[in-house]
Amino acid sequence: MIDFSAYVKYSRPGPRYTSYPTAPEFSDKFSYEAYIKELENRDKKRPLSLYLHLPFCRSACYFCGCNVIYTSKEDRKERYIRYIEKELEILARHLDTSTEVLQMHFGGGTPTFYNAEQLDEIIKLIKAKFKNFSKEAEISCEIDPRFLTNEQLDVLISHGFNRISYGVQDFDEKVQKEIHRIQPYEITQNAVKMARQKGIKSINMDLIYGLPYQSLESFKKTLELALTLDPDRLAVFNYAHVPWIKKSMRKFDETTLPNPEVKLEILKFTAEFLTKNGYKMIGMDHFAKPNDELFGALANGTLHRNFQGYTTKGGADLIGIGVTSIGECKRHYAQNHKDMDEYEKAIDSGKLPYAKGIYLSDEDLLRKSVIMSLMSNFGLNIKAVEDEFHINFFEHFKNELEELKNLSEFVDVTTDKISVNETGTLIIRNIAMCFDEYLKKIPENLRRFSKTI
C-alpha cells in the first residue's frame with residue numbers, strides 16, 4: 001500500500017524526463033550540419049518511430065502546455081500540408097526511409113481539426129516516403145472528442161491506426177468553464193462509442209489533476225464517469241503550472257488551484273480507485289488493464305519513455321516532423337523551429353526546419369541510460385550499466401548515491417541493482433534528479449520546471 005504522507009515534503013521543481021539531457025539544454029551549438037551528418041550516418045539497423053505535429057486548434061485550452069497555433073482559417077491548414085510535403089521531400093534526402101517503422105504518432109494541437117480528406121492526404125504523404133511499416137507497428141493519434149467524425153475515424157483505421165487517445169482532463173462543468181474547454185460527458189461518450197464500433201482496440205483517456213476548482217469530491221465524479229467509458233489506459237497527469245512559459249495559464253486565479261495536500265488526496269484516491277476497478281499503475285501517471293502490453297514490458301525491464309510517454313517500442317530512432325517536433329536518435333536530440341515563419345523559411349531554403357538540439361557526450365549517454373531506466377522500469381541493473389559503459393558504478397556515482405540516501409525510504413540500493421518501491425514510483429522524478437548532472441548546476445530557486453507533486 002502506498003504511503004502518501006511519506007512524500008508530501010518532496011514537492012520540488014523538476015523535469016519530467018521525457019528526455020535526458022532535458023529540453024532546456026538544447027541549443028544551436030549542435031549545428032545544422034552536425035545534425036544532418038547524424039541523420040545520414042545513423043545506424044540503419046535501428047528501426048524508426050515517427051512523430052508528426054499538427055499544431056492548429058480552434059481556441060485555447062488555458063491549461064495546455066503544448067506548442068499550438070490558434071486559427072479558424074482553412075487556408076492555414078492547407079498551407080501547412082504543403083510544407084509537410086516539402087519537409088518530407090528534404091528529409092528523404094538525408095534519411096534512409098526504407099528503414100522499418102515501428103511506431104507513428106500524430107499529436108498537436110488538434111490532429112482531428114483536419115477533416116477526413118486532409119488527414120488522408122497527410123498520411124498518404126508520409127507513407128509515400130516511409131513504405132516499410134511493421135505489421136506490429138503502433139500507430140496512434142491524439143483526438144479532441146469535440147472534433148471527431150465517422151469519416152475521420154474511417155480514414156485513420158484504413159491507414160492502420162490502432163490506438164487513439166482522447167483528451168478529457170475533467171468532466172466537471174465548473175472546471176471545464178475555467179480552463180476554457182467545454183466538453184460535456186455525452187460528447188466524449190459518443191466519441192468512444194464511435195471508435196469501439198469501428199474496431200479500435202486500444203483507447204487511452206487523458207485526465208489532469210491540479211486544475212482550478214478541482215476538489216477530491218469533484219475528481220471522484222470525473223473518475224467514475226471515465227470508467228463508465230471503459231478506457232484501456234488512463235493517463236492521469238499532474239497539472240504543470242508554468243505561467244512564465246504559457247501565457248494562457250496566467251488567466252487562472254492561483255488561489256483556485258488545489259494545494260499540494262488536496263492534490264495528494266486526489267492522487268491517492270485515483271490510485272486506489274483505479275486499482276480497485278481493475279487497472280494497474282505504470283509509473284507516476286499511467287494506468288492500464290493487466291493484459292496491456294505495457295505490463296509485459298515493465299515486467300521484463302523493456303519499458304521505454306520518450307516524448308510520447310511510455311511505450312514498448314524502445315530502441316527506435318524518433319524522427320520529428322512538423323513545426324516544433326522533437327526527434328531523438330541514439331546520440332542526439334533535434335527540435336524543429338517553433339515559429340511558423342522560421343519553419344517555412346528553412347524549408348523554402350531547401351533545408352530541414354531544424355532549430356536546436358544537443359549531441360550527447362559519453363557522460364550524457366551514461367546518465368541518460370540510468371535516468372531512463374529509473375523513469376521507465378523503476379529500477380536499475382547496476383552490473384549491466386557497468387558492463388555497457390565500462391565504469392565502476394559506485395565510484396562514478398559516489399556523490400549521487402550519497403544524495404540518494406535522502407530518499408532511502410523509497411529506494412533500495414544493493415551491489416547489483418537499484419529498486420524503487422511502490423511509494424517511490426510516485427516521486428520517480430525526484431529520484432531521477434539525483435543523477436541529473438545539468439540540474440545540479442542550477443540553484444533550486446532558479447529551476448524553471450513544474451513541481452514534482
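Before you click anything, sort the residues into classes: Ala, Val, Leu, Ile, Met, Phe, Trp, Tyr, Cys and Pro count as nonpolar, Asp, Glu, Lys and Arg as charged, and the others, Gly among them, as polar. What you're looking at is a predicted model, where local features need pLDDT of at least 70 and side-chain atom pairs pLDDT 80 or more, while totals for chains, interfaces and linings use all residues. Residues are numbered from 1 along each chain as its sequence is written, and side-chain values use heavy atoms, with hydrogens and water left out.

**Stop one: a pocket.** Select His304, Gly315, Lys368, Ser369 and Met372, which lie nearest the centre of the second largest pocket among its 31 lining residues. (A pocket is an open set of points on a 1 Å grid over the protein atoms alone, with protein on both sides within 12 Å along at least five of seven lines; a cavity is a set where a 1.4 Å probe fits but cannot get out; lining residues have an atom within 4 Å of a point.) The pocket's volume is about 820 Å³, meaning the space filled by probe spheres set on the points, which are joined across faces, edges and corners. Now colour helix H11 (362-377): H11 gives the most to this lining, with 7 residues. Helices (H or I, at least four residues) and strands (E, at least two) are DSSP runs, numbered from the N terminus. By class, the lining has 10 nonpolar, 13 polar and 8 charged residues.

**Stop two: a cavity.** Next, pick Tyr35, Ile319, Gly320, Gly327 and Ala334, the residues nearest the centre of the second largest cavity, which has 14 lining residues. Its volume is about 60 Å³. Strand S15 (332-336) supplies the largest share of that lining, 4 residues.

**Stop three: helix H4.** Select 150-158 and show Gln152, Leu153, Val155 and Leu156, the buried residues of H4 (buried means under 20% relative accessible area with a 1.4 Å probe, protein chains only). Which side are they on? They sit on the same side of H4, because they cover an arc of only 160° around the axis, taken from the directions from the helix axis to the C-beta atoms. Their packing partners are helix H3 (116-129), strand S5 (133-143), strand S6 (163-169) and helix H6 (185-197). Following H4 is Gly160, with a positive phi near 90°.

**Last stop: Phe130.** Zoom in on Phe130 and you'll find that it touches Leu48, Leu50, Leu88, Leu91, Leu95, Thr97 and Val101, not counting residues up to four places away in sequence; contact means heavy atoms within 4.5 Å.

Key: Buried < 20%, exposed > 50% of the residue type's maximum accessible area, 1.4 Å probe, protein only.
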